[in-house]
Amino acid sequence: MKNQPVFTRRGFVGRTAFLAGAAAWPPLLRAQNAAQPQAGGDHFDQTVQPVWTKPPLSPGEPGRDYRLVITLNGSSLPFRVVDGVKVFHLICEEVDHVFIPKTNYNDELRAFCWGFNGQVHGPTIECLEGDRVRIYVTNKLPASTSIHWHGIILPSGMDGVGGLNQQPIGPGQTFRYEFTVWQHGTFMYHSHHDEMTQMALGMLGMFVVHPREPKVPPPDKDYVFMLSEWKIVPGTKRPDPNEMVEFNVLTLNARAYPGAAPLLAKLGDRVRIRFGNLSAMDHHPMHIHGHSWRITERDGGSVSEIAQWPATTVLVPVGSTRTVEFVANNPGDWAMHCHMTHHVMNQMGHGLPNVVGVDPGALDKQVNIFLPGYMTMGQDGMGEMGDMRMSIPANSVPMVGSPGPHGYITMGGMYTNLKVRADLGDLRAEEGTDFAYGGWFENPPGTQAIPATREEMLRDLGRMAESQLPAAPHG
Ligand SMILES: [Cu+2]
């Protein structure tokens with residue numbers, strides 16, 4: 001009898017009072033409360049009927065009714081229209097996924113992951129508000145799975161929680177999901193069966209619903225990023241789903257810098273960036289340089305204009321989406337990255353002793369007697385690590401970054417660049433590493449930080465100790 005509800009006298013009285021109160025509502029108020037849900041992203045209103053009960057409209061066409069988003073290092077899932085329904089097919093399968101391609105500067109980093117249709121993460125699903133979608137999910141994995149449509153209001157039996165809403169999809173089986181989407185905004189999909197394992201192996205994707213009646217014109221560039229985190233022990237080829245704390249590969253659309261493609265924007269472009277976060281354990285404060293953005297959407301709906309906070313960093317909590325918009329009015333190469341400093345490192349080891357400030361002095365000479373080639377590292381931080389071209393284990397990459405136009409960029413992981421140009425020229429948003437694009441910004445004269453001269457320092461800073469000044473020229 002443990003799980004039987006217990007009606008205490010107080011609880012019963014409280015409940016009766018509530019019901020009596022409801023019955024006493026004036027008829028007008030009750031009618032308002034039962035109003036039909038409306039289009040326009042206002043699906044968080046607590047009306048009596050959920051939005052999915054509204055009949056579908058004729059299916060929207062990309063190019064005519066909406067512009068497809070840009071999934072860098074990924075793609076949008078193709079569909080067919082059958083009797084007014086948009087039909088998609090997701091195939092869950094193992095994928096030998098490249099996190100960072102091989103370049104002149106680093107070996108590739110790849111691992112056997114679980115994804116969809118040959119990709120990690122899965123392709124972005126896109127539709128128009130009011131579309132009816134039918135999604136076949138074929139399971140080619142060795143384990144059962146099920147797919148949850150994260151943030152989408154739909155019938156309980158379509159929600160995809162294995163065991164709760166449906167039987168898990170067994171290996172070799174195909175299940176059919178079907179629902180009408182009466183929302184717009186940025187949503188996600190992911191495995192909801194053995195989540196710890198299957199999400200850690202990559203079974204995630206973005207789900208974008210375009211508005212049927214947009215209140216603002218579509219942006220010039222509409223980027224979408226899935227943020228996620230992995231543990232890939234150097235030298236191994238399988239992400240470790242048991243990891244809880246020490247994630248060492250932090251990704252944008254399953255690519256770690258320098259493997260993540262840059263965002264491109266023509267000067268004056270209105271840019272939208274949709275972030276989704278399905279990391280196992282971490283929130284990501286995503287930060288933009290050279291611009292500030294407004295937070296225009298959360299996963300529950302659009303933010304009304306008056307409430308759109310200006311910011312340069314948006315916190316994207318686990319299990320959430322955040323959409324930001326800005327005008328790319330500042331030409332240059334601009335960093336965009338998670339501001340957690342350990343999330344912009346590649347395959348970070350956290351077990352290192354702290355030797356910052358230690359003078360290795362005679363130590364290296366002594367140890368070299370027993371260990372030829374030994375070198376104490378890290379006494380000045382990690383910035384030089386990538387540049388040293390040290391030998392590292394197979395299938396691993398330097399902890400930090402890659403060459404940039406002015407030296408070494410000491411960031412990896414959840415980092416990429418926004419390139420704003422008056423003329424994008426040969427720059428293309430396609431597969432590759434960032435620095436392989438070759439298109440670095442040339443800072444106009446007078447807009448570049450450079451070494452200060454002796455004369456400038458004496459002129460502007462007053463009396464200076466000789467030791468703080470650059471050496472006087474000889475002669
Ligand atoms: Cu982060």
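1. The core. Of the 86 residues in the largest nonpolar core, Phe207 and Phe225 touch the most other members. A nonpolar core here is a set of buried Ala, Val, Leu, Ile, Met, Phe, Trp, Tyr and Cys residues joined through C-beta atoms within 7 Å. Strand β10 (residues 221-230) supplies the largest share of this core, six residues. Phe225 is in contact with Leu252, Asn253, Ile273 and Phe275, leaving aside its neighbours within four places in sequence. Contact means that the C-beta atoms of two residues, placed from the backbone, lie within 7 Å.

2. Model and confidence. This is a predicted model: local features need pLDDT of at least 70, side-chain atom pairs count only at pLDDT 80 or more, and totals for chains, interfaces and linings use all residues. Residues are numbered from 1 along each chain as its sequence is written. pLDDT is the predictor's confidence in each residue, from 0 to 100. The protein has a mean pLDDT of 84, and 78% of its residues reach 70 or more. Over residues 1-41 the pLDDT is below 50, and this stretch has 26 contacts in the model beyond near neighbours in sequence. Where pLDDT is low, the predicted coordinates should not be read in detail.

3. Overall make-up. The protein holds five helices and 23 strands. These are DSSP runs numbered from the N terminus: helices are H or I with at least four residues, strands are E with at least two. Of the 475 residues, 38% count as buried. Buried means 20 or more other C-beta atoms within 10 Å of the residue's own; exposed means 12 or fewer, partly exposed lies in between, and C-beta atoms are placed from the backbone. Among contacts with a separation of 6 or more, residues 24 or more positions apart account for 73%.

4. The four-stranded sheet. An open sheet with mixed pairing has the order β4-β9-β8-β6. β4 (125-128) and β6 (147-150) stand at the edges with a single partner strand each, so one side of each is left without a neighbour in the sheet. On average, neighbouring strands of this sheet are turned by 20° against each other, direction ignored. Strands β8 (residues 185-191) and β9 (residues 204-210) run antiparallel and are joined by six bridges. Two strands pair if DSSP finds at least two bridges between them. Phe187 stands opposite Phe207 in β9. Phe207 also belongs to the core of point 1.

5. The five-stranded sheet. This open sheet has the order β12-β23-β20-β14-β18, again with mixed pairing. β12 (263-266) and β18 (313-316) are the edge strands, each pairing on one side only. Neighbouring strands are turned by 20° against each other on average, direction ignored. Six bridges join β20 (residues 332-338) to β23 (residues 415-421), and the two run antiparallel. Asp333 has Lys419 in β23 as its bridge partner.

6. Strand β2 and its partners. β1 (residues 80-82) runs antiparallel to β2, with three bridges between them. The two form a hairpin with two residues between them, and Asp83 in the turn has a positive phi of about 50°. β2 also pairs with β5 (residues 132-139), in the parallel sense, over seven bridges. Eight bridges join β2 to β3 (residues 109-116), and these run antiparallel. Cys92 stands opposite Asn139 in β5, and its bridge partner in β3 is Phe116.

7. Val85. Buried or partly exposed, where does Val85 fall? Val85 counts as partly exposed because it has 16 C-beta neighbours inside 10 Å. Val85 sits in β2 (residues 85-100) and is the bridge partner of Val82. Not counting residues up to four places away in sequence, Val85 touches Arg132 and Arg134. Val85 and Glu178 are 93 residues apart along the chain, with their C-alpha atoms separated by 9.1 Å.

8. Glu297. This residue lies in β15 (residues 293-298). Glu297 is buried, with 20 other C-beta atoms within 10 Å. Its contacts, leaving aside neighbours within four places in sequence, are Gly185, Thr186, Ser302, Val303 and Thr323. Glu297 and His184 are 113 residues apart in sequence and 9.9 Å apart in space, C-alpha to C-alpha.

9. Helix α5. Of the eight residues of α5 (residues 454-461), the number buried is zero, so the helix lies largely in the open. Gly462 follows α5 and has a positive phi, near 80°.

How values were computed
Axes are lines fitted to C-alpha atoms, for helices over the stretch in contact, and angles run from 0 to 180 degrees between N-to-C directions.
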